[in-house]
Amino acid sequence: MTTATLTRAGDAVRPTHRPGMTDLMRSEWTKLRSLRSTWWSLAAMIAVSVGFTVAACAVYTHDFTHLDAATQTEFRQDTIGLILQPGVQFASLAVSVLGAMLITSEYSTGMIRATMLAEPRRTRALLAKAATFALFVYVFSELIAIPSFFIGSAITSAHASVSISDPTNIRAILSFGLFMTAMGLIALSIGAIVRHTAAAVSLVLALHFVLPGVLSLIPGTVGKHLSAAMPQGTSVVVSSGHNAGNLYTPAQAGLILAAWVVVLGGAALVSVKRRDV
Amino acid sequence: MPKNTENLRRGHAPAIEARGLTKSYGSKTVVDGLDFQVHAGRVTGFLGPNGAGKSTTMRLLLGLERPDSGQALIEGRPYAELTAPLSHVGALLEAKAFHKGRSARNHLLALAQSQALPERRVDEVLDLVGLHDVAGKRAGGYSLGMAQRLGIAAALLGDPRIVLLDEPVNGLDPEGVFWIRNLMKRLAAEGRAVLVSSHLMNEMAVTADHLMVIGRGRLLADCGTAEFIERHTDPAVYAATPDVARPALLEEAFMRLTASAVEYSAR
Ligand SMILES: Nc1ncnc2c1ncn2[C@@H]1O[C@H](COP(=O)(O)OP(=O)(O)OP(=O)(O)O)[C@@H](O)[C@H]1O
Ligand SMILES: [Mg+2]
């Protein structure tokens with residue numbers, strides 16, 4: 001056993017400054033990067049997302065002359081959607097699992113106690129975690145969206161031209177990151193509320209992939225509007241918005257998505273603040 | 001002059017104070033109107049039968065749980081009002097408080113960053129608890145004793161003036177037990193307040209200067225260790241025991257005091 005000192009005399013151990021939000025975010029970044037599951041999820045997200053883009057673009061381009069007129073028009077009017085959307089579902093699945101587990105794994109392992117001892121103002125602790133995760137997911141998602149755009153536009157160039165200088169395309173590319181960030185924050189919020197990994201992941205999957213289908217069964221336009229207003233429905237933000245079937249414009253969908261994040265995030269903050277750890 | 005009042009408060013406030021601290025789970029009152037103070041410069045043993053409420057009291061002191069009534073104060077303030085709290089209070093809890101998938105070094109690094117502590121402190125505490133060689137390995141693979149050492153490293157990270165240890169010798173080998181005993185004594189000798197819960201009476205008899213005993217959430221005794229033994233052992237036995245052997249009477253004294261407060265016992 002070594003006899004290192006506790007450094008009481010002289011060489012006092014003190015915070016170098018009054019710790020603030022940036023210190024909490026550095027801490028959260030260390031936590032996020034030091035788990036292998038973070039990197040697996042993201043590797044899967046890149047591979048599948050880019051893979052789906054390539055596959056969808058290749059199939060549509062190859063079969064272009066056999067497509068009916070309506071589909072051809074759609075292809076031309078929303079090429080950016082064809083490029084970016086194929087990977088959206090899988091990528092949001094990966095981000096959701098990561099987001100939910102970011103917090104539920106702290107509850108299941110007991111790490112949450114260390115987190116709350118380090119920052120007893122619990123809403124700040126959760127905000128730091130959310131902000132760090134959001135930044136990380138945004139940057140990572142753009143690292144998928146930007147190459148996907150260039151690969152997809154190269155493949156589809158025979159029948160459509162999508163330019164990076166078109167503001168609609170820039171908006172869609174930047175929105176890919178925002179959409180994924182929102183998916184991550186929704187999952188993180190649900191995880192903070194229910195605290196158990198299996199329950200949180202099931203709820204998130206139900207919200208994204210089951211509920212929209214169920215809601216669309218409601219007769220009339222109500223069901224369709226409700227379904228389109230579910231988080232996954234708002235993925236219209238990563239399209240041109242020129243599809244005939246769209247119920248909401250990208251701007252409207254973006255606002256709906258923001259509302260989801262605010263409502264669920266707010267509920268998570270209240271839950272974390274009120275309940276014992 | 002806020003600085004002066006701050007100093008005054010720190011000078012006069014006990015390291016830890018509970019005032020009418022009460023917590024119930026459902027209809028069961030687990031911590032029942034506790035009033036106590038824990039002072040700097042000594043090891044205070046926190047004793048009580050299983051389920052007496054020791055761990056719950058510690059979680060209340062640390063703000064992990066809210067009391068139904070009463071107050072838990074650290075140097076006169078609720079835990080939640082401390083800035084860089086790990087520099088004030090270090091705690092080893094009964095249940096694990098680290099992620100299994102993360103290495104000891106990264107766990108401690110994240111905690112140090114959250115407190116704006118210099119990164120070199122991570123290596124210092126790793127040395128101090130003897131985990132340096134395994135610091136890069138996943139903490140999920142650690143033995144009970146290694147996990148306990150990681151918890152102690154986290155508790156000492158901020159060089160805190162107050163240390164709370166909930167059953168720290170749990171899972172430690174004899175060398176580890178010896179090490180913890182000396183560590184606690186040294187922390188107290190350096191002027192820190194040490195509050196430690198344990199079921200090992202022989203261990204407490206030689207480590208604790210002061211004892212707080214609870215049963216069913218109520219304070220049963222709060223006095224010096226020697227005085228406690230004298231007060232609660234059979235007077236005939238006490239008189240017949242030579243001075244040096246008296247610490248061995250702690251177990252008997254404890255049993256006599258808590259006999260009526262034991263909830264979970266074999267029949
Ligand atoms: N979160 C909880 N919900 C319900 N009951 C709880 C909870 N935490 C503790 N209890 C109950 O409170 C009582 C006191 O528990 P606590 O863990 O504080 O006792 P303890 O003195 O630390 O016991 P031990 O010596 O066994 O560690 C026990 O009866 C326990 O079952
Ligand atoms: Mg306990």
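This is a predicted model: local features need pLDDT of at least 70, side-chain atom pairs count only at pLDDT 80 or more; totals for chains, interfaces and linings use all residues.
## Domain layout

## Extent of the interface

In domain 1 of chain B, 17 residues are in contact with domain 2 of chain B, which contributes ten residues in return. The size of an interface is often expressed as the accessible area lost when the parts come together. Between domain 1 and domain 2 of chain B, about 1100 Å² is buried, and carbon and sulfur atoms account for 61% of it. On the domain 1 side, the residues that lose the most area to domain 2 are B:Leu172, B:Trp179 and B:Arg192, which together make up 39% of what that side buries.

## Polar and charged pairs

The interface between domain 1 and domain 2 of chain B holds one salt bridge. This salt bridge joins B:Arg192 to B:Asp159, with 2.7 Å between the closest N and O atoms. B:Arg192 is also among the residues of domain 1 that lose the most area to domain 2. Four residue pairs are in polar contact across the interface of the two domains, both residues being at pLDDT 80 or more.

## Elements and composition on the domain 1 side

Two elements of chain B, β6 (162-166) and α6 (174-189), each give two or more residues to the side of domain 1 that touches domain 2. The largest share of this side, seven residues, comes from α6(B). By class, the side of domain 1 that touches domain 2 comprises nine nonpolar, five charged and three polar residues.

Key:
Residues are numbered from 1 along each chain as its sequence is written. Chains are lettered from A and ligands numbered from 1 in the order in which they are written. Side-chain values use heavy atoms; hydrogens and water are left out. Contact means heavy atoms within 4.5 Å. Buried area is the accessible area (1.4 Å probe) that two parts lose on being put together, summed over both. A salt bridge is a side-chain nitrogen of Lys or Arg within 4 Å of a carboxyl oxygen of Asp or Glu. A polar contact is a pair of N or O atoms within 3.5 Å; within protein, one must be able to donate a hydrogen and the other to accept it, and residues adjacent in sequence count only if both atoms are side-chain atoms. Helices (H or I, at least four residues) and strands (E, at least two) are DSSP runs, numbered from the N terminus. Ala, Val, Leu, Ile, Met, Phe, Trp, Tyr, Cys and Pro count as nonpolar, Asp, Glu, Lys and Arg as charged, and the others, Gly among them, as polar.
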